Amino acid sequence: MNELLELTTTRNNPHVDPFMAMWEWQIPVYLFLGGLVAGMMIISGYFIFSGRHKESNCACFSIPFISLVFLSLGMFALFLDLAHKPYVWRLYTTFQIKSPMSWGAWILILVYPALIANIMMKPSLWMLRLYPKLSLWSGKVNQHPFFIKIIGISNMILGMMLGAYTGVLLSSMGSRPLWNTSLLWVLFLVSGLSAAAAFVHLFAKNKAESELLAKADNGFLVVELFVFVMIFLGFLSSARPHIEAAQLLLTGPYAPTFWVFVIGLGIVIPLIIQLLAVNHKIRHTAIAPIMVIVGGLVLRFIIVSAGQYSHWFNAHFH
Amino acid sequence: MNSISRRRFLKISGATVVTAAALAGASKTVVKAAESYSKPKGLQIIPSYCDLCFWKCGLLAYVKDGELWKLEGNPKDPLSNGRLCPRGTGGIGAYFDKDRLKSPLIRKNLRGEEKWIEVTWDEAFNYIADKMNKIKGQYGPEAMALFSHGIGGNFFKHLMRAYGTPNETAPSFAQCRGPREVGFELTFGDIVGSPERTDIENAKCIVLIGSHLGENMHNTQVQEFSRAVEKHASIIVVDPRFSVAASKAKYYLPIKPGTDMALLLAWMSVIVNEKLYDVEYVNKHGFGFEKFASEVSHYTPEWAYVETGIDPDIIRETAREMARYKPATLVHPGRHVTWYGDDAQRSRAIALLNALLGSWGRKGGFYIPYSFSIPKYPYPPYPEEKETVHNPDNKYPFATGEQISTGIREATITGKPYPIKGWFIYGTNLLQALPNQSETIKAIQNLDLMVVVDVVPSEIACWADVVLPESVYLERYDDLNASPFKEGFVGIRQPVIDSPNDQKPNWWMAKKLAEKLGLGHYFPWKDIEEYLDTRLKSAGLSLDELKKEGIIKGPSKPIYLEDGAEIEFATPSGKIEFYSTQLEQSGSDPVPKYTKHPEPPAGYFRLLFGRAPVHTFSKTQSNALLRDLFPENELWVNSDLAQRYGIKTGDKIKLKNQDGVISDPIKVRATERIRQDCVYMVHGFGQKSRQLRSTYKVGASDAELVTQYKTDPLMGGTGMNVNFVTFEMEV
Amino acid sequence: MPRYGMVIDTLKCVGCSDCVIACKTENNIPEGYNRDWIVTEARGKFPTINMEIRTERCNHCSETPCVSCCPTGASHIHDVGGVVLVDHEKCIGCKACVEACPYDARYIHPDGYADKCTFCIHRVEKGLKPACVEVCPTYCMHFGDLDDPNSEVSKLLQSRKWHVNLPDAGTKPNIFYLV
Ligand SMILES: Nc1nc2c(c(=O)[nH]1)N[C@H]1C(S)=C(S)[C@@H](COP(=O)(O)OP(=O)(O)OC[C@H]3O[C@@H](n4cnc5c(=O)[nH]c(N)nc54)[C@H](O)[C@@H]3O)O[C@H]1N2
Ligand SMILES: Nc1nc2c(c(=O)[nH]1)N[C@H]1C(S)=C(S)[C@@H](COP(=O)(O)OP(=O)(O)OC[C@H]3O[C@@H](n4cnc5c(=O)[nH]c(N)nc54)[C@H](O)[C@@H]3O)O[C@H]1N2
Ligand code: SF4
Ligand code: SF4
Ligand code: SF4
Ligand code: SF4
Ligand code: SF4
Ligand SMILES: [Mo]
């Protein structure tokens, strides 16, 4: 066949043409906050599970409320994205087993009680002032170590589900080659974990936890790099649309942002800084964690935007 | 090329910023005005016929709860077979057009300044009648001229004849199909007519010489063309641009613009020299064949190659291809043929090629049309008329049938052979339709009265003294349509919805104005229904039935020679004139000869133009439905050429023509689908009427760049493909 | 149970957009939006050019990512003919289905819901053809039951060469293009 030289279409639907741009800032922000909260829930759950909650300054007491706020902000962003807002309740009159978004909606319904239960372990003073009754409830929760274990485990599990779901939401879209990888949920989960570790590190009061989080974050960053390599290898050994999708990030229009903000400033440099810090070559500062967090946010933006840009388009033009 | 750069090629023919003014929204505003009286509930389906172009397809209008919903073709209609073309389907947009004229206007300041006083109909008619009476008194009635395009002008034609002027014209002759009709009439003694008598459907070989069917959406032709494609007709397309039709062709001949005559002569020489013509037909019907044959036989394909750039082997092959399928080979006569000023001769060459193939009067060639004959209304006789003004001293000896519009314009400028002081303009946008806008404006400045009847504030309306707002076709009755066709039929245009404001139909205007002019007795009918009823009754039909059916067919007749149809060659010899003594006597070439036309100087490109399927000339750009599909025209530039000039698809550039006229910015479309010595755009854009807000200066106007034109010495047609443009980058 | 589909003859289509305009008036599509559209593909170098013109719309696929991703069940497969529809009353405008369609066949209607071609099911259920099919002046569009071997569409598919759009996207589209 001759080279395709001209392709014209009369279609001109808003946010669909000349390329898909339906999802704007709200979705990446939601995905990022969801991933961050997921990571924080896993960390908090792990701390509880591993008995760290016996330390009174354990991060597991500050994480759940922050998560609650972030998650609500994320959901608000998602709500802002809806074009038919008055109908949002329709999400909860049905469960669509094949729809990741339906799963997500219901997971969120479970996440809130888990976070609240976590909060109940040690409500802040201002909460107690507002609702004195909370002390009673909190007492009840703390009476049973069994409850505490459940809280830890449920936060970890729901955190995993939440984190994975943010990736599955996109990877289920076979329509956009860039999202079309079964590793996307791993990427988002690890990235969420690393951002959460970095974030918790920023406010952790417990020295040992801080150190642990920094080390864990280094681990997450290494895994994240590895997942990236796997994803790209997968794409590059696949069909044209997938190769071209990978090229969008590697060499194409999204490459500068990708290499500089996601890989460079978001993973490699903070990894080096934190490696030096955990080996006590330099002091811990907020710089590396902030870079990781920003990197995580940029990652969501770039994946959503480049993903929408990627297309099956060429598949029948050989 | 990777996917991204490919995606960049995605050309979106629409503005990226979306104006989400739903059509539904538009309908609401219009409906409000009419809400005072109660609307019929439920669905009404009312037949009428289309006016988005002059083909006049039968339609069915769907009106739901009193609101106009959609238009479909009338299945009874032989022209459309129940399927309208995209413009016809989008016709409701004419009703909803936000830029419509709402009330009569009289000019406040200088001509062309677009400052108006809204007046009542009575005031408008008084003003016009007063001026017309003055003109009649001072210069005689013949100092009024009527420019009228379309069937809606019939009652104004009647009015002007009653008033006493013989001067009436339309841009559909000297700017459109005039040369073709003259070329065919000189050869066969009859014109091709509209709708064209081409039997495309049954043709086994179809030759399209710049007829871009599929972009040119004349409904029947496109429908028949697609049927021919389905039946694997052999299609030969000759066009400097790879048209839509070219993509369906077996042979695409990328001819150098302006050299078609060379190709035609070479084709004829092959057919004559190889004795491939229909010998029996030529012997029986031909006149002067020997002289013709000896003359054309010199034009070898090799000679033609030098002129046209077309491979001589392909010329031979295509000539034989045509001969193989004769007489079911149709060399399409084209329609808009005013290209280079020798167009009547080129059309005659096409007629002669068809004559060789024996296709005139034959199935798959040119059928013999007939119409449902319906007597005219019995009007009183018109006053005696003066000589017309368009063709003094018979300068253009074969300007027959219709008058030369530019001739009337010329007389208006010079005052010779006698002055023209009033223009009455109906349904034609002379600034877009006539070549050389400055001459048109110069003529307008000489007028004592200029009246424009239009539906929107068009470019020509800008220059008027009085603008009369007409109801769109969906809101009015017009005269009956009984076009000559394969079947005899009569179609009715009737109102399907009320006019939203103070717009009025043409018949009402003509009658009222006649009364003001003291010519009321020329309009003896009470209203148009009475007029139509009278005409229909005299043909044994009833208005009520026609209103219900939309179309009534007449008894059928044979349309091919082989089926026993009668043919008459109304030429001096009574035969097909291969050699034309008429032409010889007038000092012209009795057998067509090749004229070399000037080529663009270095750095310049020939400006070509044509149709987009969803637009009609300059009259649909403000129709929101159609505009949505094709909001602005683009400049087709060969991709290699574009690369050399560093311009790419989507860039906006201006064009400068050989006379220094600079166009509005137009988007580039770099494409492999055109030669490097020409550029192409869709006609009708770049309009300069500020009141036509939706389309003001959108895209570029080819008409503005057509400052040069070459007048056909036989009939006064204005060849307009003779302008050269260069790119002005700084935009 | 029928499986509705279209068979479109690209050799006959002239890209006139009549089908688009008919859809707009029939279904009251707002200005600036299209349920169907024309694609022109030209390959080659002047003057040797190969050009395909075709009219496109939702393919009413047999595998429907747009339906399975929908969190509310608004996107669904109609009881008749496997036609893919959106229930405006259930749609929350989350855009997932718009993203999920490899053909970009959907858009968000200004009123907030996801919208696309319905195969004019309101007409089809009355025994009429879809508006775009009914209007096409080149008669290049055919609509019918792909599962009925005697239908016009099935016969055309048997007798001519065809392709579908983006076969690799795995959606099993039900619009076929004759070449
Ligand atoms: N440069 C250039 N010039 C050309 C051509 C070209 O391609 N390029 N084409 C030539 C050809 S082939 C032709 S046939 C002519 C066509 O020339 P015209 O017939 O003049 O065509 P339009 O430019 O569409 O102008 C039609 C006018 O009628 C108005 N109108 C529309 N509907 C109605 C109605 O219902 N009532 C009234 N009263 N008015 C109405 C429109 O608003 C518009 O102002 O142009 C010729 N001139
Ligand atoms: N959609 C739509 N359809 C219409 C109309 C409309 O306004 N809109 N108008 C109708 C009317 S009144 C007319 S007259 C017709 C006009 O339509 P046609 O008679 O079919 O075409 P033209 O406008 O003469 O010419 C346009 C074509 O001629 C080619 N061409 C230009 N120069 C040359 C040349 O030197 N040699 C050759 N061989 N080809 C050349 C151009 O590339 C282009 O493809 O369309 C009719 N149909
Ligand atoms: S060809 Fe199209 S615009 Fe012209 S009358 Fe027929 S339907 Fe109307
Ligand atoms: S109406 Fe028919 S010919 Fe015109 S673009 Fe649509 S499918 Fe093609
Ligand atoms: S074309 Fe797109 S919207 Fe239509 S059924 Fe297929 S995937 Fe769904
Ligand atoms: S936009 Fe509407 S139809 Fe589409 S997935 Fe969301 S809820 Fe379903
Ligand atoms: S089938 Fe109906 S809804 Fe679908 S594109 Fe055709 S006209 Fe529009
Ligand atoms: Mo014309």
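1. Let me start with a salt bridge in chain C: the side chains of Glu56(C) and Arg54(C) meet at 2.7 Å, N to O. Please keep in mind that this, like everything below, comes from a predicted model. Glu56(C) is buried, with a relative accessible area of 12%, and Arg54(C) is buried too, at 2%.

2. Staying with chain C, have a look at ligand 7. Its surroundings comprise 13 residues, and the closest are Cys23(C), Arg57(C), Cys117(C), Cys120(C) and Cys132(C). Helix H1 (18-27) and helix H5 (131-135) of chain C each give at least two residues to this shell. By class, the shell around ligand 7 holds eight nonpolar, two polar and three charged residues.

3. How many salt bridges does a search of the whole structure find? The count over all chains is 75. Lys486(B) sits in the loop between strands E16 (466-469) and E17 (489-491) of chain B, and Glu201(B) in the loop between H7 and strand E9 (205-209), so the pair ties together parts that are 285 residues apart in sequence. Are the two partners buried or partly exposed? Lys486(B) is buried, with a relative accessible area of 14%, while Glu201(B) is partly exposed at 21%.

4. Another salt bridge in chain B is formed by the side chains of Arg535(B) and Asp479(B), at 2.8 Å, N to O. This pair links distant parts of the chain: Arg535(B) belongs to helix H20 (residues 528-538) and Asp479(B) to the loop between E16 and E17, 56 residues apart. Arg535(B) is buried at 12% relative accessible area, and Asp479(B) is buried at 5%.

5. Ligand 1 deserves a careful look. It is surrounded by 29 residues, of which the closest are His149(B), Thr428(B), Ala433(B), Asp454(B) and Ser618(B). Polar side-chain atoms of Glu470(B) and Asp702(B) each lie by a nitrogen atom of ligand 1, at 2.8 Å for Glu470(B) and 3.0 Å for Asp702(B). A polar side-chain atom of Arg611(B) lies 3.0 Å from an oxygen atom of ligand 1. The protein covers 96% of the 920 Å² of accessible area that ligand 1 has on its own. Two or more shell residues come from each of helix H7 (173-188), helix H16 (430-433), strand E15 (449-454) and helix H25 (702-705) of chain B.

6. For ligand 3, the surrounding residues include Cys50(B), Cys53(B), Cys57(B) and Cys85(B). Its shell has eight nonpolar, two polar and two charged residues.

7. Finally, chain A. A nonpolar surface patch of about 910 Å² is made by residues including Phe49(A), Phe95(A), Trp103(A), Trp106(A) and Met161(A). Helix H3 (100-121) and helix H6 (145-171) each give two or more residues to the patch, and the largest share, four residues, comes from H3(A). Helix H9 (residues 240-250) of chain A, by contrast, is mostly covered, with eight of its eleven residues buried; among them are Pro241(A), His242(A) and Glu244(A).

Terms used: Residues numbered from 1 in each chain as written. Chains lettered and ligands numbered in written order. Predicted model: local features only at pLDDT ≥ 70, side-chain atom pairs only at ≥ 80, totals over all residues. Heavy atoms only, no water. Near = heavy atom within 4 Å. Polar contact = N/O pair within 3.5 Å; in protein donor to acceptor, adjacent residues only side chain to side chain. Areas by Shrake-Rupley, 256 points an atom, 1.4 Å probe, with all protein chains shown as cover. Patch = residues over 30% accessible without salt bridge, like charges linked within 9 Å, V, L, I, M, F, W, Y side chains within 5 Å. Salt bridge = Lys/Arg side-chain N within 4 Å of Asp/Glu carboxyl O. Nonpolar A, V, L, I, M, F, W, Y, C, P; charged D, E, K, R; others polar. Buried < 20%, exposed > 50% of the residue type's maximum accessible area, 1.4 Å probe, protein only.
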